[in-house]
Amino acid sequence: MSMQSSPSGKKVTVRTVREMKGREPVVMITAYDALFAGIFDPEVEMILVGDSLNMSFYAEPDTLSATLDQMLYHTKAVCKGAHRALIVFDMPFGTYATPEQALENATRVFRETCAEAVKVEGGAEKADVVRILSENGIPVVAHIGLRPQSVRAEGGYRVQGRTEEEAARLIEDALALQQAGAFALLLEGMVSSLASEITRSVEIPTIGIGAGNGTDGQVLVWSDMFGFFEAFKPKFVKRYLEGARLIREGLRQYREEVKNRTFPDAEHSY
Ligand code: KIV
């Protein structure tokens, strides 16, 4: 398979993603509605309905107040727009505190939406959660490193793996989560050399965000990478578009044309 292969129309499954390790980088992006999911779907392998929507689209200070119902609502919309990419449901804070609670809530996700996997944040301490979900037909992406749902416990967002102890713990976490059945790992906010080492240490694909270039794939939050979320820009975000600026330019032109009565013109009238 070529490293620059253009996306095929074939449905991406958990198996496809697993088989991409070592062959071709996995492209993942977030989406929260049908319109944008439909635009992204042909170009990416995975779509994450991330709880980051709580910050970028609901203007909350963190992800902690996202609810299961809110995530279900957005995932149903994404399912209407995306039919090819693998859709991953981000389990919100407080919905997978125990294996039993995780299974009950993730079962609801699978019954009510087209999601094909769920994502949970946590290290080895979440192995039981990952195991019960995986054993019950619910594929899991395990999210380690900087975990946004732990922002209050950590006292902020901090790049992980800067000390030897922390790096060793993260490698242990990765191995424990793989052992528990996770089919992929999401590595967020960690030093690049550690993310590369974790990637080499596990057989499952790693998807990085703020974790350097040595992972098996990358994910970005769409409103960050296309310049719609302007409140702040972490170092790892590359802006591929200045979306908010483009919208403002278009909007100003529209406003001007309405004010000076040049819109609608004959071409746009019946
Ligand atoms: O919620 C989200 O969008 C995420 C990404 C930061 C990976 O978890």
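This is a predicted model: local features need pLDDT of at least 70, side-chain atom pairs count only at pLDDT 80 or more; totals for chains, interfaces and linings use all residues.
**The ligand and its shell**

Begin by selecting the ligand together with the residues around it: Thr-30, Leu-48, Gly-50, Asp-51, Ser-52, Asp-90, Lys-119, His-143, Leu-186, Glu-188, Ile-209 and Val-221. Colouring this shell by class shows four nonpolar, four polar and four charged residues.

Next, display the side chains of Asp-51, Asp-90 and Lys-119, and look at their distances to ligand oxygen. For Asp-51, an N or O atom of the side chain is 3.0 Å from an oxygen atom of the ligand. Asp-90 likewise places a polar side-chain atom 3.0 Å from a ligand oxygen atom. In Lys-119, a polar side-chain atom lies 3.1 Å from an oxygen atom of the ligand. The ligand on its own has 260 Å² of accessible area, and the protein covers 96% of that area.

**The largest pocket**

The ligand sits in the largest pocket, which holds about 730 Å³ of space. Its lining comprises 34 residues; to find the centre, select Leu-146, Glu-188, Ile-209, Pro-234 and Phe-236, which lie nearest to that point. Glu-188 and Ile-209 also belong to the residues around the ligand.

Now highlight helix 3 (53–56), strand 4 (117–121) and strand 6 (184–188), each of which supplies at least two residues of this lining. By class, the lining of the largest pocket contains 16 nonpolar, nine polar and nine charged residues.

**The second largest pocket**

Move on to the second largest pocket, with about 540 Å³ of space. It is lined by 28 residues, and those to select for its centre are Val-26, Asn-213, Gly-217, Gln-218 and Val-219, the closest to it. Strand 1 (26–30), strand 7 (206–209) and strand 8 (217–220) each contribute at least two lining residues here. The class count for the lining of this second pocket is 15 nonpolar, eight polar and five charged.

**Two backbone features**

Select Ala-59, in the loop between helix 3 and helix 4 (68–81). Its phi is near 55 degrees, a positive value in a residue other than glycine.

Finally, go to Phe-263 and Pro-264, which are joined by a cis peptide bond with omega of about -5 degrees. To place this stop in the fold, show helix 11 (243–259) as well: Pro-264 lies in the segment after that helix.

Definitions and conventions. Residues are numbered from 1 along each chain as its sequence is written. Side-chain values use heavy atoms; hydrogens and water are left out. A residue is near a molecule or strand if one of its heavy atoms lies within 4 Å of it. A polar contact is a pair of N or O atoms within 3.5 Å; within protein, one must be able to donate a hydrogen and the other to accept it, and residues adjacent in sequence count only if both atoms are side-chain atoms. Accessible areas come from the Shrake-Rupley method with a 1.4 Å probe; for residues, only the protein chains shown count as cover. On a 1 Å grid over the protein atoms alone, a cavity is a set of points where a 1.4 Å probe fits but cannot get out, and a pocket is an open set with protein on both sides within 12 Å along at least five of seven lines; lining residues have an atom within 4 Å of a point. A molecule sits in a cavity or pocket if more than half of its atoms lie within 2 Å of its grid points. Ala, Val, Leu, Ile, Met, Phe, Trp, Tyr, Cys and Pro count as nonpolar, Asp, Glu, Lys and Arg as charged, and the others, Gly among them, as polar. Grid points are joined across faces, edges and corners, and a volume is the space filled by probe spheres set on the points. Helices (H or I, at least four residues) and strands (E, at least two) are DSSP runs, numbered from the N terminus.
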